[in-house]
Amino acid sequence: MELREIAPGAYACLQEDRGWGWSNSGFVSAGGGLVIDTLMDLGHTRKMLDLYAGVIPDKPRRLVNTHHNVDHCWGNQLLADAEIIGHRECAARMAGDLSPEAIQAMISAPDLSPGARWFADDLADFDFSGITLTPPTTLLDGDTELDLGGVSARILYVGPAHTAGDVIVHLPEQNVVYVGDVVFHRCTPIGWEGTFAGWIAALDRIVGLAPETIVPGHGPLCDVEGVRELRAYFEYVYAESRRYYDQELPALEAARKIDLGPYAAWTQPERLIFNVERAYREFRGGAWDENVEVMRLLEDAWTLGQHYRGGRA
Ligand SMILES: [Zn+2]
């Protein structure tokens with residue numbers, strides 16, 4: 001875990017992307033401290049808050065959750081006294097999402113299937129005990145602006161892109177934007193709600209801000225080139241999926257046939273199956289918030305990973 005000052009008073013807390021759950025956070029020291037996202041568990045979030053306390057010793061006054069996924073909010077209770085801000089959909093889905101007990105039970109069950117084992121192994125460094133879900137209570141329906149003692153922080157609603165409640169935090173004077181999982185940099189993206197077009201529109205909005213530094217939800221810092229790379233990935237995967245959908249190939253067969261080229265070097269390229277499945281859902285007219293069959297797709301991702309490994313051997 002590494003703290004980087006990326007502009008005066010603007011920080012990123014970065015974790016190397018090692019697969020499921022390894023997310024980034026942000027911090028702005030003005031206005032009593034603004035945290036952007038907590039981490040997957042209490043231990044990692046405590047370590048992160050210690051780094052922020054080295055910048056200003058007082059407990060941060062505000063927390064923004066970019067979206068509801070557990071790797072961005074399961075440390076929220078450590079900032080329970082702060083004003084916790086998020087989109088209305090973020091708060092609603094956080095309360096109705098996976099519980100810490102359920103994930104612990106899932107990963108520690110005997111005789112895990114290969115896909116579940118692959119997922120569980122990534123999560124082995126996290127401790128899901130003691131977590132109390134603490135959703136945002138200051139709820140947003142659209143864009144807003146915070147005045148951090150004379151420093152502006154704009155919260156922009158860009159969902160549904162990765163999830164229904166995606167927001168990003170833009171510091172116009174510092175030329176920095178914290179984008180949560182709207183940007184995965186050099187790691188394979190996954191979307192839980194939304195459409196390809198909606199996600200691409202969100203990426204275009206980020207590029208339109210012309211930021212100098214972008215703090216992605218996963219992966220290293222980037223600039224607008226990183227956003228363009230992700231946009232190109234989506235366009236490519238969408239077009240390839242269309243081709244195989246029209247040939248009536250099952251999604252997993254399509255994923256096997258897609259040549260990832262440079263994207264094969266991104267973390268967990270086998271998560272491609274989630275994106276092909278999302279494209280297929282769109283092609284058959286499925287709703288943008290149709291339930292993702294996570295357990296089945298984990299098995300397919302694992303199978304696809306075996307295919308890649310076999311292909312390289
Ligand atoms: Zn995430």
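Predicted model: local features only at pLDDT ≥ 70, side-chain atom pairs only at ≥ 80, totals over all residues.

**Entry 1**

Of the contacts in the protein with a separation of 6 or more, 68% are between residues 24 or more positions apart.

**Entry 1: overall build**

Next I looked up the secondary structure and found nine helices and twelve strands. The C-alpha trace spans about 60 × 45 × 35 Å along its principal axes. I then checked the radius of gyration: a compact globule of 313 residues would be near 20 Å, and the protein's 19 Å agrees with that. Buried residues come to 48% of the 313.

**Entry 2: the seven-stranded sheet**

I traced an open sheet of seven strands in the order S1-S2-S3-S4-S5-S6-S7, and its pairing is mixed. At the edges sit S1 (2–7) and S7 (138–140), each with pairing on one side only. Neighbouring strands here are turned by 20 degrees against each other on average, ignoring direction. I noted that H2 (residues 88–96) packs on this sheet, where it touches S6 (83–87) and S7. The direction of H2 makes about 100 degrees with that of S6.

Then I followed the strands from the S1 end. S1 and S2 (residues 10–14) run antiparallel and are joined by five bridges. Glutamate 5 stands opposite tyrosine 11 in S2. S2 also pairs with S3 in the antiparallel sense, over four bridges, and there cysteine 13 stands opposite serine 25.

Which way do the residues of S3 (residues 25–28) point? Ser25 and Phe27 go one way, Gly26 and Val28 go the other, and all are buried.

S3 goes on to pair with S4 (residues 34–36), antiparallel, through three bridges. Valine 28 stands opposite leucine 34 there. S3 and S4 form a hairpin with five residues between them, and glycine 31 in the turn has a positive phi of about 65 degrees.

**Entry 3: the five-stranded sheet**

I found another open sheet, of five strands in the order S8-S9-S10-S11-S12, also with mixed pairing. Its edge strands are S8 (144–148) and S12 (213–218), each pairing on one side only.

H6 (residues 224–246) lies across S11 and S12 and runs at about 20 degrees to S11. Inside the sheet, S10 (residues 167–171) and S11 run antiparallel with three bridges, and valine 169 has tyrosine 178 in S11 as its bridge partner.

The largest nonpolar core holds 84 residues, and Ile168, Val179, Ile206 and Ile273 have the most contacts inside it. S11 (residues 176–184) gives the largest share of this core, with seven residues.

I followed isoleucine 273 further. Apart from its neighbours within four places in sequence, it is in contact with Ala251, Leu252, Ala255, Leu297, Asp300, Ala301 and Leu304. H8 (residues 272–283) has twelve residues and reaches 17 Å from first C-alpha to last, close to the expected 16 Å. After H8 comes glycine 285, with a positive phi near 85 degrees.

I finished by looking for exceptions, since most residues other than glycine have a negative phi and most peptide bonds are trans. Glycine 159 and proline 160 are joined by a cis peptide bond, with omega about -15 degrees. Proline 160 lies in the loop between S9 (151–157) and S10.

Arginine 186 is not a glycine, but its phi is positive, near 60 degrees. I placed it in the loop between S11 and H5. Buried or partly exposed? Arginine 186 counts as partly exposed, because it has 18 C-beta neighbours inside 10 Å and a buried residue needs 20 or more.

Glutamine 268 also has a positive phi, about 50 degrees, without being a glycine. Its loop runs between H7 (251–257) and H8. With 19 C-beta neighbours inside 10 Å, glutamine 268 counts as partly exposed.

Technical notes
Residues numbered from 1 in each chain as written. Helix = DSSP H or I, 4+ residues; strand = E, 2+ residues; numbered from the N terminus. Rg over C-alpha atoms; globule rule 2.2 N^0.38 Å. Buried ≥ 20, exposed ≤ 12 C-beta atoms within 10 Å, placed from the backbone. Contact = placed C-beta atoms within 7 Å. Expected span 1.5 Å × (residues − 1). Pairing = 2+ DSSP bridges. Axes fitted to C-alpha atoms, helices over the stretch in contact; angles between N-to-C directions. Core = buried A, V, L, I, M, F, W, Y, C linked by C-beta atoms within 7 Å.
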